[in-house]
Amino acid sequence: MIQVFVTGGTFDKEYDFVTGRLYFKDSSLPKMLEVGRSTLDVNIRTLMMVDSLDLTDQDRENIANNCRAATTDQILITHGTDTMTETAHYLAQEDIRGKTIVITGAMIPYAFGSSSDGFFNLGSALAFVQSLPAGVYIVMNGRYFTWDGVRKNRSTGFFEAI
């Protein structure tokens, strides 16, 4: 089984057509798995629904505690792209042994339809969490990166190795 922890981020944002603002309602993950015809055994648990810029170390400790307590060794975390590298660093420092932890997100909300990169990133993350050895990784744009070997290029909007 794969444990999926939802933390929010652009991945799960909705668009308010009246105000023009993005907001959180419910996670898109169950619908994405259904539409994607996934047959994987997953357990989805929402830990929080926040913009990653608003994540605190207390939130990251909550994520770490849930990773430690997970009964499976395959963990996928959906996360906002702005601070996912910070959360990856935090989790790696927590020394959570024997588990493959993959963090993914989207630059464009799933609610925006076919223009979202969320489907692609989710599918890639599900594949990588099953195949990578224990450790903390970020999966974006069809690639995986080690927690200490990645950055978000804010000029291009892509993640790249460092």
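Helices (H or I, at least four residues) and strands (E, at least two) are DSSP runs, numbered from the N terminus. The structure is a predicted model, in which local features need pLDDT of at least 70 and side-chain atom pairs count only at pLDDT 80 or more, whereas totals for chains, interfaces and linings use all residues. Residues are numbered from 1 along each chain as its sequence is written, and side-chain values use heavy atoms, with hydrogens and water left out.

An open sheet of six strands is present, with the order β4-β1-β5-β6-β7-β8 and mixed pairing; two strands are taken to pair if DSSP finds at least two bridges between them. Because β4 and β8 (143–146) stand at the edges with a single partner strand each, one side of each lacks a neighbour in the sheet. On average, neighbouring strands of this sheet are turned by 25° against each other, direction ignored. Axes are lines fitted to C-alpha atoms, for helices over the stretch in contact, and angles run from 0 to 180 degrees between N-to-C directions. Strand β1 (residues 2–8) runs parallel to β4 and is joined to it by six bridges. Valine 6 has threonine 46 of β4 as its bridge partner.

Helix α3 (residues 84–93) lies across β5 (74–78), β6 (100–104) and β7 (135–140), at about 165° to β7. Helix α4 (residues 118–131) lies across β1, β5, β6, β7 and β8, and runs at about 155° to β5. Residues are classed as buried under 20% relative accessible area, as exposed over 50%, and as partly exposed in between (1.4 Å probe, protein chains only). In α3, the buried residues are Met84, Thr85, Thr87, Ala88, Tyr90 and Leu91. Their cover includes α2, β5, β6, β7, β9 (150–153) and β10 (158–161). Just after α3, aspartate 95 adopts a positive phi of about 55°.

In soluble globular proteins, nonpolar side chains tend to be buried together. A nonpolar core is defined as a set of buried Ala, Val, Leu, Ile, Met, Phe, Trp, Tyr and Cys residues joined through side-chain atoms within 4.5 Å. The largest such core comprises 23 residues, and those with the most contacts inside it are Cys67, Ile77, Leu91, Ile101, Ile103 and Ile138. Two or more residues are given to this core by each of β4, α2, β5, α3, β6 and β7, and the largest share, four residues, comes from α3. Leaving aside neighbours within four places in sequence, cysteine 67 contacts Phe5, Ile75, Ile77, Ile96, Lys99 and Ile101. Another core, of 16 residues, lies apart from the largest one and has Met32, Leu33, Val102 and Ala125 among its members.

Leucine 55 is located in the loop between β4 (42–50) and α2 (57–69). With a relative accessibility of 10%, leucine 55 counts as buried. Beyond its neighbours within four places in sequence, leucine 55 is in contact with Met48, Val50, Arg60, His79, Thr83 and Thr87. The C-alpha atoms of leucine 55 and glycine 80 are 9.4 Å apart, with a sequence separation of 25 residues.

Nine salt bridges are found in the whole structure, a salt bridge being a side-chain nitrogen of Lys or Arg within 4 Å of a carboxyl oxygen of Asp or Glu. One of these joins lysine 31 and glutamate 34 (4.0 Å, N to O). Because lysine 31 and glutamate 34 are three residues apart in helix α1 (residues 29–35), about one helical turn separates them. Lysine 31 is partly exposed, at 43% relative accessibility, whereas glutamate 34 is exposed, at 56%.

A salt bridge also connects arginine 60 with glutamate 86, their closest N and O atoms being 3.5 Å apart. This pair links distant parts of the chain, with arginine 60 in helix α2 and glutamate 86 in helix α3, 26 residues apart. Arginine 60 is buried at 4% relative accessibility, while glutamate 86 is partly exposed at 45%. Asp57, Arg60 and Glu86 are linked in a network of salt bridges. Glutamate 94 and arginine 68 likewise meet in a salt bridge (2.4 Å, N to O). Here too distant parts of the chain are linked, glutamate 94 lying in the loop between α3 and β6 and arginine 68 in helix α2, 26 residues apart. Glutamate 94 is partly exposed, with a relative accessible area of 23%, and arginine 68 is partly exposed at 36%.

Key: Contact = heavy atoms within 4.5 Å.
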